[in-house]
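Please review the interfaces in the model below.

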Amino acid sequence: MTEQTHFVEIRHAQKSFGTLEVLKDISLNVERGQIVGIIGSSGSGKSTLLRAINDLDPLTGGEIWLDGVQVNKTLPHRQYEKHINELRQHVGMVFQHFNLFPHMTARENVTMAPKMLKGLSQADADRLAEEQLDKVGMLERIDYYPSQLSGGQKQRVAIARALAMKPKLMLFDEATSALDPELVEEVNLVMKKLAEEHMTMIIVTHEMDFAASVCDRVLFMDKGVVVEEGPPSVLFKNPTQNRTREFLRKHIEGAS
Amino acid sequence: MGLDFSIIPKYMDIILLGVGWTVGITVAAALLSFVGGIIFAVIALYAPWLVRQPFRLIEWVFMGTPLLLQLFLIYFGLVQIGIDLPAFVAGIIGLGLHFAVYNSELIQTAILAVDKGQMEAARTLGCSRAQALRKVVIPQAVRAVIPPIGNNMIALLKDSALVSVIGVSELTLSAQRVIGKTYRPFEFYILAAAFYYVINLCMEWVQRKIERRISISR
(Lines give C-alpha, C1' and ligand atoms only; values in the text may rest on other atoms or scores of the structure.)
Protein backbone atom coordinates (compact mmCIF):
# COMPACT_ATOMS: atom_id res chain seq x y z
CA MET A 1 0.00 0.00 0.00
CA THR A 2 1.41 3.35 -1.02
CA GLU A 3 1.45 6.43 1.14
CA GLN A 4 -1.40 8.80 0.46
CA THR A 5 -0.02 12.03 -0.94
CA HIS A 6 -3.00 13.74 -2.52
CA PHE A 7 -5.85 15.53 -0.76
CA VAL A 8 -8.46 13.27 -2.35
CA GLU A 9 -7.22 10.04 -3.80
CA ILE A 10 -9.46 7.52 -5.52
CA ARG A 11 -7.70 4.27 -6.34
CA HIS A 12 -9.19 1.69 -8.67
CA ALA A 13 -12.75 2.54 -7.66
CA GLN A 14 -15.16 -0.18 -8.68
CA LYS A 15 -18.89 -0.32 -8.10
CA SER A 16 -21.48 -2.85 -9.19
CA PHE A 17 -25.20 -3.06 -8.63
CA GLY A 18 -25.72 -6.81 -9.04
CA THR A 19 -24.24 -7.63 -12.44
CA LEU A 20 -24.32 -4.02 -13.60
CA GLU A 21 -20.89 -2.46 -13.38
CA VAL A 22 -21.33 1.26 -12.82
CA LEU A 23 -17.73 2.21 -12.05
CA LYS A 24 -14.89 0.31 -13.68
CA ASP A 25 -11.47 0.84 -12.12
CA ILE A 26 -11.48 4.61 -11.75
CA SER A 27 -8.50 6.43 -10.29
CA LEU A 28 -8.50 10.14 -9.59
CA ASN A 29 -6.47 12.58 -7.52
CA VAL A 30 -7.62 15.98 -6.37
CA GLU A 31 -5.31 18.47 -4.68
CA ARG A 32 -6.26 20.91 -1.96
CA GLY A 33 -7.96 23.96 -3.44
CA GLN A 34 -8.53 22.31 -6.80
CA ILE A 35 -11.86 22.37 -8.56
CA VAL A 36 -12.62 19.29 -10.57
CA GLY A 37 -15.59 19.00 -12.89
CA ILE A 38 -17.11 15.71 -13.94
CA ILE A 39 -19.18 15.63 -17.10
CA GLY A 40 -20.83 12.80 -18.97
CA SER A 41 -24.24 11.59 -20.04
CA SER A 42 -26.69 10.19 -17.50
CA GLY A 43 -25.80 6.66 -16.50
CA SER A 44 -22.10 7.29 -17.03
CA GLY A 45 -21.42 6.78 -13.32
CA LYS A 46 -20.47 10.36 -12.51
CA SER A 47 -22.97 10.80 -9.67
CA THR A 48 -22.13 7.37 -8.30
CA LEU A 49 -18.46 8.31 -8.17
CA LEU A 50 -19.27 11.55 -6.38
CA ARG A 51 -21.55 9.74 -3.92
CA ALA A 52 -18.84 7.18 -3.20
CA ILE A 53 -16.56 9.92 -1.87
CA ASN A 54 -18.76 10.45 1.21
CA ASP A 55 -19.90 6.83 1.21
CA LEU A 56 -23.53 7.49 0.25
CA ASP A 57 -23.00 4.83 -2.42
CA PRO A 58 -20.23 2.64 -0.99
CA LEU A 59 -17.75 1.19 -3.47
CA THR A 60 -17.58 -2.53 -4.09
CA GLY A 61 -13.87 -2.33 -4.82
CA GLY A 62 -10.96 0.08 -4.57
CA GLU A 63 -10.07 2.74 -2.05
CA ILE A 64 -10.96 6.36 -1.39
CA TRP A 65 -8.68 8.52 0.72
CA LEU A 66 -9.47 11.96 2.03
CA ASP A 67 -6.82 14.11 3.68
CA GLY A 68 -4.85 11.11 4.90
CA VAL A 69 -7.83 9.05 6.06
CA GLN A 70 -9.27 6.14 4.15
CA VAL A 71 -13.00 6.68 3.68
CA ASN A 72 -14.01 3.09 3.00
CA LYS A 73 -11.77 1.26 5.45
CA THR A 74 -12.74 -2.06 6.92
CA LEU A 75 -14.15 -1.66 10.42
CA PRO A 76 -16.80 -3.38 12.54
CA HIS A 77 -20.24 -1.90 11.79
CA ARG A 78 -20.55 0.41 14.79
CA GLN A 79 -17.04 1.80 14.48
CA TYR A 80 -17.50 2.23 10.75
CA GLU A 81 -20.68 4.27 11.30
CA LYS A 82 -18.82 6.47 13.78
CA HIS A 83 -15.92 6.90 11.38
CA ILE A 84 -18.22 7.79 8.47
CA ASN A 85 -20.34 10.23 10.50
CA GLU A 86 -17.19 11.98 11.68
CA LEU A 87 -15.76 12.06 8.16
CA ARG A 88 -18.95 13.38 6.58
CA GLN A 89 -18.80 16.42 8.85
CA HIS A 90 -15.84 17.53 6.75
CA VAL A 91 -17.44 16.87 3.37
CA GLY A 92 -20.27 19.13 2.28
CA MET A 93 -22.72 17.88 -0.30
CA VAL A 94 -25.20 19.75 -2.46
CA PHE A 95 -27.95 17.83 -4.23
CA GLN A 96 -29.84 18.32 -7.44
CA HIS A 97 -33.15 18.53 -5.59
CA PHE A 98 -31.78 20.64 -2.70
CA ASN A 99 -33.17 18.31 -0.01
CA LEU A 100 -33.78 21.17 2.37
CA PHE A 101 -35.68 20.17 5.50
CA PRO A 102 -39.18 21.51 4.76
CA HIS A 103 -40.24 21.76 8.40
CA MET A 104 -37.34 24.05 9.29
CA THR A 105 -36.63 27.66 8.40
CA ALA A 106 -33.47 28.59 6.50
CA ARG A 107 -31.86 29.38 9.85
CA GLU A 108 -32.86 26.02 11.33
CA ASN A 109 -31.70 24.16 8.24
CA VAL A 110 -28.28 25.73 8.61
CA THR A 111 -27.96 25.35 12.39
CA MET A 112 -29.44 21.89 12.91
CA ALA A 113 -26.25 19.89 12.35
CA PRO A 114 -23.79 22.32 14.00
CA LYS A 115 -25.99 22.45 17.10
CA MET A 116 -26.48 18.73 17.29
CA LEU A 117 -23.03 17.55 16.26
CA LYS A 118 -20.75 20.31 17.46
CA GLY A 119 -22.79 21.40 20.48
CA LEU A 120 -23.06 25.03 19.40
CA SER A 121 -25.10 27.27 21.68
CA GLN A 122 -28.17 28.94 20.18
CA ALA A 123 -26.36 32.29 20.10
CA ASP A 124 -23.32 30.86 18.32
CA ALA A 125 -25.55 28.92 15.95
CA ASP A 126 -27.51 32.07 15.12
CA ARG A 127 -24.30 33.93 14.38
CA LEU A 128 -23.16 31.04 12.19
CA ALA A 129 -26.47 31.00 10.31
CA GLU A 130 -26.32 34.74 9.68
CA GLU A 131 -22.75 34.51 8.48
CA GLN A 132 -23.37 31.57 6.12
CA LEU A 133 -26.68 32.84 4.77
CA ASP A 134 -25.15 36.25 4.20
CA LYS A 135 -22.41 34.61 2.17
CA VAL A 136 -24.96 33.09 -0.21
CA GLY A 137 -27.06 36.25 -0.28
CA MET A 138 -29.93 34.80 1.71
CA LEU A 139 -29.69 36.71 4.97
CA GLU A 140 -32.95 38.52 4.31
CA ARG A 141 -34.79 35.22 4.09
CA ILE A 142 -33.26 33.72 7.22
CA ASP A 143 -36.60 32.95 8.83
CA TYR A 144 -38.37 31.75 5.69
CA TYR A 145 -39.42 28.15 5.16
CA PRO A 146 -38.20 26.34 2.04
CA SER A 147 -41.73 26.41 0.58
CA GLN A 148 -41.51 30.20 0.57
CA LEU A 149 -38.31 30.23 -1.49
CA SER A 150 -37.56 29.86 -5.20
CA GLY A 151 -35.45 26.96 -6.46
CA GLY A 152 -32.33 29.09 -6.72
CA GLN A 153 -32.87 30.44 -3.22
CA LYS A 154 -33.39 26.93 -1.87
CA GLN A 155 -30.16 25.77 -3.42
CA ARG A 156 -28.29 28.71 -1.96
CA VAL A 157 -29.65 27.86 1.50
CA ALA A 158 -28.61 24.24 0.91
CA ILE A 159 -25.08 25.43 0.12
CA ALA A 160 -25.06 27.54 3.29
CA ARG A 161 -26.23 24.49 5.25
CA ALA A 162 -23.30 22.46 3.93
CA LEU A 163 -20.81 25.29 4.53
CA ALA A 164 -21.96 25.70 8.13
CA MET A 165 -20.16 22.45 9.00
CA LYS A 166 -16.91 24.09 7.78
CA PRO A 167 -16.14 21.33 5.30
CA LYS A 168 -12.75 20.92 3.67
CA LEU A 169 -14.29 19.45 0.54
CA MET A 170 -17.55 20.28 -1.24
CA LEU A 171 -19.36 17.89 -3.54
CA PHE A 172 -21.92 19.24 -5.99
CA ASP A 173 -24.25 16.72 -7.59
CA GLU A 174 -25.85 18.55 -10.52
CA ALA A 175 -26.63 21.49 -8.29
CA THR A 176 -28.33 23.51 -11.00
CA SER A 177 -29.98 20.76 -13.09
CA ALA A 178 -33.38 21.10 -11.44
CA LEU A 179 -33.47 24.89 -11.67
CA ASP A 180 -35.32 27.10 -14.11
CA PRO A 181 -32.75 28.60 -16.50
CA GLU A 182 -33.08 32.09 -15.08
CA LEU A 183 -32.24 30.82 -11.58
CA VAL A 184 -29.06 28.99 -12.53
CA GLU A 185 -26.83 32.04 -12.49
CA GLU A 186 -27.40 32.98 -8.85
CA VAL A 187 -26.28 29.50 -7.77
CA ASN A 188 -23.32 29.53 -10.14
CA LEU A 189 -22.24 32.86 -8.66
CA VAL A 190 -22.17 31.36 -5.18
CA MET A 191 -20.10 28.46 -6.43
CA LYS A 192 -17.70 30.85 -8.17
CA LYS A 193 -17.33 32.75 -4.92
CA LEU A 194 -16.36 29.50 -3.18
CA ALA A 195 -13.85 28.84 -5.93
CA GLU A 196 -12.28 32.22 -5.31
CA GLU A 197 -11.93 31.27 -1.64
CA HIS A 198 -10.03 28.17 -2.73
CA MET A 199 -12.58 25.68 -1.48
CA THR A 200 -11.76 22.23 -2.82
CA MET A 201 -14.71 21.19 -4.96
CA ILE A 202 -15.79 18.28 -7.06
CA ILE A 203 -18.63 19.27 -9.35
CA VAL A 204 -20.84 16.94 -11.34
CA THR A 205 -22.50 19.12 -13.94
CA HIS A 206 -24.27 19.33 -17.28
CA GLU A 207 -23.23 22.91 -17.80
CA MET A 208 -20.17 22.98 -20.01
CA ASP A 209 -19.77 26.76 -19.88
CA PHE A 210 -19.77 26.76 -16.12
CA ALA A 211 -17.34 23.84 -15.95
CA ALA A 212 -15.07 25.62 -18.42
CA SER A 213 -15.09 28.82 -16.40
CA VAL A 214 -14.46 27.52 -12.87
CA CYS A 215 -12.81 24.10 -13.07
CA ASP A 216 -9.07 23.51 -12.99
CA ARG A 217 -9.64 20.09 -14.48
CA VAL A 218 -12.51 18.36 -16.18
CA LEU A 219 -13.17 14.63 -16.44
CA PHE A 220 -15.36 13.15 -19.10
CA MET A 221 -16.93 9.87 -17.98
CA ASP A 222 -18.73 7.33 -20.09
CA LYS A 223 -20.02 3.85 -19.17
CA GLY A 224 -18.18 3.76 -15.86
CA VAL A 225 -14.74 4.84 -17.04
CA VAL A 226 -12.93 8.15 -17.27
CA VAL A 227 -12.55 8.56 -21.02
CA GLU A 228 -10.53 11.71 -20.94
CA GLU A 229 -9.38 14.34 -18.49
CA GLY A 230 -7.54 17.60 -18.67
CA PRO A 231 -7.76 21.33 -18.20
CA PRO A 232 -11.02 22.69 -19.63
CA SER A 233 -9.16 24.67 -22.29
CA VAL A 234 -7.86 21.39 -23.72
CA LEU A 235 -10.78 19.06 -23.04
CA PHE A 236 -13.46 21.36 -24.46
CA LYS A 237 -11.42 22.74 -27.37
CA ASN A 238 -9.24 19.84 -28.44
CA PRO A 239 -10.58 16.56 -27.08
CA THR A 240 -8.45 13.62 -28.12
CA GLN A 241 -11.08 10.91 -27.79
CA ASN A 242 -13.90 10.27 -30.21
CA ARG A 243 -16.42 9.63 -27.43
CA THR A 244 -15.61 13.00 -25.86
CA ARG A 245 -16.03 14.78 -29.18
CA GLU A 246 -19.32 13.02 -29.76
CA PHE A 247 -20.62 13.96 -26.32
CA LEU A 248 -19.55 17.58 -26.57
CA ARG A 249 -21.04 17.97 -30.01
CA LYS A 250 -24.40 16.57 -28.90
CA HIS A 251 -24.35 18.58 -25.72
CA ILE A 252 -23.51 21.87 -27.30
CA GLU A 253 -26.00 21.31 -30.11
CA GLY A 254 -28.60 20.28 -27.55
CA ALA A 255 -27.99 23.39 -25.51
CA SER A 256 -28.17 25.85 -28.38
CA MET B 1 -94.17 8.62 32.69
CA GLY B 2 -93.14 11.38 30.26
CA LEU B 3 -89.83 13.05 29.75
CA ASP B 4 -88.65 15.42 32.44
CA PHE B 5 -85.37 17.19 31.78
CA SER B 6 -85.77 19.39 34.85
CA ILE B 7 -84.34 16.57 36.92
CA ILE B 8 -80.93 16.99 35.30
CA PRO B 9 -79.42 19.84 37.39
CA LYS B 10 -79.78 17.83 40.57
CA TYR B 11 -77.39 15.15 39.31
CA MET B 12 -75.18 17.40 37.24
CA ASP B 13 -72.24 17.10 39.65
CA ILE B 14 -72.05 13.32 39.14
CA ILE B 15 -72.28 13.71 35.38
CA LEU B 16 -69.63 16.44 35.32
CA LEU B 17 -67.30 14.26 37.37
CA GLY B 18 -67.83 11.59 34.72
CA VAL B 19 -66.99 14.13 32.01
CA GLY B 20 -63.79 14.91 33.89
CA TRP B 21 -62.77 11.26 34.00
CA THR B 22 -63.59 10.74 30.33
CA VAL B 23 -61.58 13.78 29.28
CA GLY B 24 -58.67 12.86 31.56
CA ILE B 25 -58.50 9.27 30.41
CA THR B 26 -58.91 10.24 26.75
CA VAL B 27 -56.16 12.87 26.87
CA ALA B 28 -53.74 10.61 28.76
CA ALA B 29 -54.44 7.64 26.49
CA ALA B 30 -54.15 9.85 23.39
CA LEU B 31 -50.72 11.04 24.46
CA LEU B 32 -49.64 7.48 25.23
CA SER B 33 -50.96 6.28 21.87
CA PHE B 34 -49.10 9.06 20.06
CA VAL B 35 -45.72 8.55 21.73
CA GLY B 36 -46.21 4.78 21.71
CA GLY B 37 -47.18 4.91 18.04
CA ILE B 38 -43.92 6.64 17.14
CA ILE B 39 -41.87 4.18 19.21
CA PHE B 40 -43.68 1.15 17.74
CA ALA B 41 -43.24 2.51 14.21
CA VAL B 42 -39.50 3.05 14.64
CA ILE B 43 -39.10 -0.42 16.12
CA ALA B 44 -41.11 -2.01 13.33
CA LEU B 45 -39.04 -0.29 10.65
CA TYR B 46 -35.55 -0.15 12.07
CA ALA B 47 -35.01 -2.46 15.04
CA PRO B 48 -33.11 -5.74 14.62
CA TRP B 49 -35.20 -8.85 14.00
CA LEU B 50 -34.95 -10.13 17.57
CA VAL B 51 -36.22 -6.86 19.05
CA ARG B 52 -39.08 -6.67 16.55
CA GLN B 53 -40.58 -10.02 17.53
CA PRO B 54 -42.04 -9.14 20.97
CA PHE B 55 -43.49 -5.98 19.45
CA ARG B 56 -45.10 -7.96 16.66
CA LEU B 57 -46.76 -10.04 19.37
CA ILE B 58 -48.01 -6.89 21.14
CA GLU B 59 -49.26 -5.59 17.81
CA TRP B 60 -51.09 -8.81 17.10
CA VAL B 61 -52.71 -8.88 20.55
CA PHE B 62 -53.90 -5.28 20.36
CA MET B 63 -55.11 -5.43 16.77
CA GLY B 64 -56.54 -8.92 16.74
CA THR B 65 -58.53 -9.07 19.97
CA PRO B 66 -61.42 -7.01 21.37
CA LEU B 67 -60.45 -3.93 23.36
CA LEU B 68 -62.87 -5.11 26.05
CA LEU B 69 -60.86 -8.29 26.49
CA GLN B 70 -57.63 -6.30 26.58
CA LEU B 71 -58.99 -4.13 29.39
CA PHE B 72 -60.05 -7.20 31.38
CA LEU B 73 -56.65 -8.74 30.87
CA ILE B 74 -54.77 -5.63 31.99
CA TYR B 75 -57.00 -4.92 34.99
CA PHE B 76 -57.95 -8.37 36.29
CA GLY B 77 -55.32 -10.57 34.64
CA LEU B 78 -52.18 -8.70 35.63
CA VAL B 79 -53.14 -8.84 39.33
CA GLN B 80 -52.35 -12.54 39.26
CA ILE B 81 -48.74 -11.82 38.34
CA GLY B 82 -48.50 -9.16 41.02
CA ILE B 83 -49.26 -6.07 38.94
CA ASP B 84 -52.17 -4.39 40.66
CA LEU B 85 -53.08 -1.29 38.71
CA PRO B 86 -55.74 1.26 39.68
CA ALA B 87 -58.66 0.89 37.28
CA PHE B 88 -58.16 4.23 35.55
CA VAL B 89 -54.46 3.48 34.99
CA ALA B 90 -55.34 0.10 33.51
CA GLY B 91 -57.86 1.89 31.30
CA ILE B 92 -55.33 4.46 30.09
CA ILE B 93 -52.75 1.76 29.36
CA GLY B 94 -55.27 -0.43 27.52
CA LEU B 95 -56.70 2.38 25.40
CA GLY B 96 -53.28 3.96 24.87
CA LEU B 97 -51.57 0.80 23.66
CA HIS B 98 -54.55 -0.27 21.58
CA PHE B 99 -54.51 2.99 19.64
CA ALA B 100 -50.70 3.17 19.65
CA VAL B 101 -50.75 0.09 17.44
CA TYR B 102 -53.13 1.77 15.00
CA ASN B 103 -51.15 5.02 15.06
CA SER B 104 -47.96 3.05 14.47
CA GLU B 105 -49.37 1.72 11.19
CA LEU B 106 -50.08 5.26 10.02
CA ILE B 107 -46.70 6.58 11.15
CA GLN B 108 -44.81 3.72 9.49
CA THR B 109 -46.42 4.51 6.16
CA ALA B 110 -45.66 8.20 6.61
CA ILE B 111 -42.01 7.56 7.52
CA LEU B 112 -41.58 5.48 4.37
CA ALA B 113 -43.22 8.24 2.34
CA VAL B 114 -40.70 10.89 3.43
CA ASP B 115 -38.39 11.57 0.50
CA LYS B 116 -35.20 9.59 0.92
CA GLY B 117 -33.19 12.68 -0.01
CA GLN B 118 -34.12 13.98 3.45
CA MET B 119 -32.31 11.16 5.20
CA GLU B 120 -29.40 11.50 2.76
CA ALA B 121 -29.07 15.23 3.35
CA ALA B 122 -29.00 14.73 7.12
CA ARG B 123 -26.50 11.88 6.83
CA THR B 124 -24.15 13.90 4.61
CA LEU B 125 -24.02 16.55 7.32
CA GLY B 126 -22.69 13.89 9.67
CA CYS B 127 -25.87 12.87 11.52
CA SER B 128 -26.27 9.26 12.55
CA ARG B 129 -29.35 7.45 11.29
CA ALA B 130 -31.03 7.81 14.69
CA GLN B 131 -30.31 11.56 14.77
CA ALA B 132 -31.60 11.98 11.23
CA LEU B 133 -34.78 10.10 12.09
CA ARG B 134 -35.37 12.14 15.21
CA LYS B 135 -34.75 15.59 13.79
CA VAL B 136 -35.63 15.26 10.13
CA VAL B 137 -37.69 12.23 9.12
CA ILE B 138 -40.05 11.65 12.05
CA PRO B 139 -41.11 15.30 12.45
CA GLN B 140 -42.13 15.30 8.78
CA ALA B 141 -43.89 11.94 9.04
CA VAL B 142 -45.81 13.06 12.13
CA ARG B 143 -46.96 16.24 10.38
CA ALA B 144 -48.31 14.16 7.53
CA VAL B 145 -50.35 11.88 9.81
CA ILE B 146 -51.98 14.46 12.08
CA PRO B 147 -55.36 14.28 10.24
CA PRO B 148 -55.72 10.46 10.26
CA ILE B 149 -54.39 10.28 13.83
CA GLY B 150 -57.08 12.82 14.71
CA ASN B 151 -59.66 10.34 13.45
CA ASN B 152 -58.14 7.63 15.63
CA MET B 153 -58.36 9.95 18.63
CA ILE B 154 -62.10 10.47 18.05
CA ALA B 155 -62.46 6.68 18.02
CA LEU B 156 -60.42 6.58 21.23
CA LEU B 157 -62.80 9.02 22.90
CA LYS B 158 -65.79 6.83 22.01
CA ASP B 159 -64.05 3.64 23.10
CA SER B 160 -63.17 5.24 26.43
CA ALA B 161 -66.72 4.30 27.44
CA LEU B 162 -65.45 0.70 27.62
CA VAL B 163 -63.36 1.42 30.69
CA SER B 164 -66.64 1.60 32.59
CA VAL B 165 -66.55 -2.21 32.66
CA ILE B 166 -63.53 -2.16 34.95
CA GLY B 167 -65.29 0.29 37.23
CA VAL B 168 -63.98 3.68 36.18
CA SER B 169 -66.78 6.23 36.71
CA GLU B 170 -66.37 7.93 33.40
CA LEU B 171 -69.23 9.61 31.59
CA THR B 172 -71.16 6.51 30.48
CA LEU B 173 -70.95 4.77 33.86
CA SER B 174 -71.83 8.00 35.67
CA ALA B 175 -74.93 8.31 33.51
CA GLN B 176 -75.84 4.71 34.29
CA ARG B 177 -75.43 5.28 38.00
CA VAL B 178 -77.68 8.32 37.93
CA ILE B 179 -80.22 6.36 35.92
CA GLY B 180 -80.06 3.67 38.59
CA LYS B 181 -81.23 6.24 41.11
CA THR B 182 -83.73 8.16 38.98
CA TYR B 183 -85.05 5.62 36.45
CA ARG B 184 -84.64 8.30 33.77
CA PRO B 185 -82.58 6.56 31.08
CA PHE B 186 -83.62 8.74 28.15
CA GLU B 187 -82.78 12.06 29.79
CA PHE B 188 -79.40 11.01 31.10
CA TYR B 189 -78.25 9.01 28.10
CA ILE B 190 -79.13 12.01 25.91
CA LEU B 191 -77.22 14.23 28.31
CA ALA B 192 -74.18 11.92 28.15
CA ALA B 193 -74.42 11.86 24.36
CA ALA B 194 -74.48 15.66 24.33
CA PHE B 195 -71.33 15.76 26.43
CA TYR B 196 -69.56 13.29 24.12
CA TYR B 197 -70.54 15.53 21.25
CA VAL B 198 -69.10 18.60 22.98
CA ILE B 199 -65.84 16.79 23.79
CA ASN B 200 -65.71 15.71 20.15
CA LEU B 201 -66.04 19.30 18.99
CA CYS B 202 -63.24 20.33 21.33
CA MET B 203 -60.97 17.62 19.95
CA GLU B 204 -61.70 18.66 16.39
CA TRP B 205 -60.91 22.23 17.35
CA VAL B 206 -57.57 21.21 18.86
CA GLN B 207 -56.78 19.16 15.76
CA ARG B 208 -57.52 22.11 13.49
CA LYS B 209 -55.27 24.31 15.61
CA ILE B 210 -52.42 21.82 15.30
CA GLU B 211 -52.96 21.41 11.56
CA ARG B 212 -52.97 25.14 11.03
CA ARG B 213 -49.73 25.61 12.97
CA ILE B 214 -48.11 22.89 10.92
CA SER B 215 -49.32 24.19 7.58
CA ILE B 216 -47.79 27.58 8.35
CA SER B 217 -44.45 25.96 9.02
CA ARG B 218 -44.22 24.21 5.68
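## Chain and domain interfaces

Two salt bridges link chain A and chain B. A salt bridge here is a side-chain nitrogen of Lys or Arg within 4 Å of a carboxyl oxygen of Asp or Glu. The model is predicted: local features need pLDDT of at least 70, side-chain atom pairs count only at pLDDT 80 or more, and totals for chains, interfaces and linings use all residues. Residues are numbered from 1 along each chain as its sequence is written, chains are lettered from A and ligands numbered from 1 in the order in which they are written, and side-chain values use heavy atoms, with hydrogens and water left out.

**Chain A against chain B.** In one salt bridge, A:R51 pairs with B:E120, with the closest N and O atoms 2.6 Å apart.

On the chain A side, the elements giving two or more residues are α2 (77–88), β6 (91–94), α3 (106–118) and α5 (151–163). Helices (H or I, at least four residues) and strands (E, at least two) are DSSP runs, numbered from the N terminus. The largest share, four residues, comes from α3(A). By class, this side has 15 nonpolar, six polar and four charged residues. Nonpolar covers Ala, Val, Leu, Ile, Met, Phe, Trp, Tyr, Cys and Pro; charged covers Asp, Glu, Lys and Arg; the others, Gly among them, are polar.

The contact (heavy atoms within 4.5 Å) takes 25 residues from chain A and 22 residues from chain B. The two chains bury about 2000 Å² between them, 61% of it on carbon and sulfur atoms. Buried area is the accessible area (1.4 Å probe) that two parts lose on being put together, summed over both. In chain A, the residues losing the most area to chain B are A:R88, A:H103 and A:M116, together 28% of what that side buries.

**Within chain A.** The domain assignment, automatic or from a database, gives domain 1 (8–90 + 168–253) and domain 2 (102–167). Their centres, taken over C-alpha atoms, are 25 Å apart. Contact involves 17 residues of domain 1 and 16 residues of domain 2. About 1300 Å² is buried between these domains, with carbon and sulfur atoms giving 68%. In domain 1, A:Q89, A:E186 and A:V190 lose the most area to domain 2, together 37% of what that side buries.

Two salt bridges join the domains. A:E186 also forms a salt bridge with A:R156. On the domain 1 side, β7 (169–173) and α6 (181–196) each give two or more residues. α6(A) gives the most, with seven residues.

Over all chains, the count is 19 salt bridges.

| Salt bridge | Closest N and O atoms |
|---|---|
| A:R51 and B:E120 | 2.6 Å |
| A:R156 and A:E186 | 2.9 Å |
| A:D67 and A:K168 | 2.9 Å |

A:D67 lies in the loop between β4 (61–66) and β5 (69–70) of chain A and A:K168 in the loop between α5 and β7, so this pair ties together parts 101 residues apart in sequence.

**Confidence.** The predictor gives the complex an ipTM of 0.92 and a pTM of 0.87. Chain B averages a pLDDT (the predictor's confidence in each residue, from 0 to 100) of 93.
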